[in-house]
Amino acid sequence: MSKSLSYNRHGFTLVLLSLCLMIIVFLGITLSTVFNRDYVKKVVTSDTNVSLIRSYTNQKLGRLVNSYSAVGNLSATDMSEADIKKIISASVDDVYDDDTNLTIGDVILETIGDNLKRTANKNGLNIDSEIDSSINSNKGIMNQIIEDDIGPIESMLTQLQTMQKVIKMTIIISGVIFVLLALRLWSKVGSTVMFLHHLGTVGIITSILLALLLAGTYYPLQDLIASNIEYNIRDVLYNILNGIFLSYISIVFMLFIGSMVDWGSTGKYKYR
């Protein structure tokens with residue numbers, strides 16, 4: 001039997017296998033990136049993002065610090081890289097927690113308060129109580145600022161996290177269907193080499209479908225960020241988005257190359 005005739009006979013099975021593999025790969029990467037707070041922390045704590053977040057934090061805190069003459073001359077907003085990473089860690093945990101109330105502002109103000117106290121003590125100023133009072137009185141405002149800036153993203157992630165169990169179940173079901181369809185195809189073609197050739201075809205189709213899916217989701221997400229997120233934090237989210245999509249693209253590219261090698265190396269054989 002020729003390969004073209006075999007493709008006609010098994011074309012529907014190949015399409016189903018490709019759809020199942022696309023679901024497994026896409027949702028699997030999503031679970032290991034978007035739903036993985038450790039991965040997100042790693043992406044956010046890049047040098048570029050730390051610099052952007054420092055600028056964002058300084059901007060938000062500038063008015064607070066400068067509004068108090070006793071501490072206005074202190075470089076309290078000049079936070080260290082460790083301070084920024086502490087804020088990032090707390091921020092990611094805050095966004096990924098089930099609680100919908102963001103408390104990132106508390107962490108930012110507590111960090112800046114500690115810096116103010118250390119700097120004040122070095123300058124011989126005993127104003128810890130004034131700093132504590134100032135920080136506590138501004139926590140509500142700061143949290144509201146944070147809510148306005150990244151609330152839409154947090155809300156979207158909260159909704160996605162409620163689907164996490166559904167996503168895992170979908171991956172399992174798709175995996176079972178993929179294995180059953182693959183076994184059926186193997187029994188029908190009667191040739192291990194050509195079965196591998198068909199799997200190469202499945203991989204190629206899956207890669208194309210994933211590329212289309214990524215292109216179809218990337219730009220709407222960019223528009224969502226552009227229309228809902230404050231300017232400074234927007235660049236950070238763009239970097240996160242690009243970092244995550246780079247992971248998708250890398251895996252899709254490896255799948256495509258591996259499938260092409262498989263497909264090409266077995267393409268000279270025919271079914272018997």
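A nonpolar core is a set of buried Ala, Val, Leu, Ile, Met, Phe, Trp, Tyr and Cys residues joined through side-chain atoms within 4.5 Å. In this predicted model, the largest such core has 59 residues, and those with the most contacts inside it are Leu17, Val44, Ile88, Ile240 and Tyr248. Helix α1, which covers residues 3-32, gives the most to this core, contributing ten residues.

**The chain as a whole**

The protein chain has nine helices and zero strands, so that, by the DSSP runs that define these elements, its pattern along the sequence reads α-α-α-α-α-α-α-α-α. Of its 272 residues, 43% count as buried, and its accessible surface comes to about 14300 Å², with 61% of that area belonging to carbon and sulfur atoms. Among contacts in the protein chain with a separation of 6 or more, 82% are accounted for by residues 24 or more positions apart.

Two packed helices are described by the angle between their axes and the distance between the axes. The table gives these values for two pairs.

| Helix pair | Axes come within | Crossing angle | Handedness |
|---|---|---|---|
| α2 (residues 37-44) and α4 (residues 81-96) | 10 Å | roughly 140 degrees | right-handed |
| α4 and α5 (residues 104-122) | 9 Å | roughly 160 degrees | right-handed |

The axes of α2 and α4 cross at roughly 140 degrees, which makes α2 oblique to α4. On the α2 side the contact is made by Arg37, Val40, Lys41 and Val44, and on the α4 side by Ile88, Ser89, Val92, Asp93 and Tyr96. The axes of α4 and α5 cross at roughly 160 degrees, and because angles over 145 degrees count as roughly antiparallel, α4 is roughly antiparallel to α5. Here α4 contributes Asp83, Lys86, Ile87, Ala90, Ser91, Asp94 and Val95, while α5 contributes Ile104, Val107, Ile108, Thr111, Asp114 and Asn115.

**Two residues in detail**

Val44, one of the residues with the most contacts inside the core, also belongs to the contact of α2 with α4. Leaving aside residues up to four places away in sequence, Val44 touches Asn49, Val50, Ile53, Ile88, Val236 and Ile240; of these, Ile88 and Ile240 are likewise among the residues with the most contacts inside the core.

Threonine 206 lies in helix α8, which spans residues 192-228. Its relative accessibility is 0%, and because buried means under 20%, threonine 206 counts as buried. With residues up to four places away in sequence again left out, threonine 206 touches Ser18, Leu21, Met22 and Leu255.

Methods:
Residues are numbered from 1 along each chain as its sequence is written. This is a predicted model: local features need pLDDT of at least 70, side-chain atom pairs count only at pLDDT 80 or more; totals for chains, interfaces and linings use all residues. Side-chain values use heavy atoms; hydrogens and water are left out. Buried means under 20% relative accessible area, exposed over 50%, partly exposed in between (1.4 Å probe, protein chains only). Helices (H or I, at least four residues) and strands (E, at least two) are DSSP runs, numbered from the N terminus. Contact means heavy atoms within 4.5 Å. Accessible areas come from the Shrake-Rupley method with a 1.4 Å probe; for residues, only the protein chains shown count as cover. Axes are lines fitted to C-alpha atoms, for helices over the stretch in contact, and angles run from 0 to 180 degrees between N-to-C directions. Angles under 35 degrees count as roughly parallel, over 145 as roughly antiparallel, 65 to 115 as roughly perpendicular and the rest as oblique. A crossing is left-handed if the near helix is turned anticlockwise from the far one by less than a right angle, and right-handed if clockwise.
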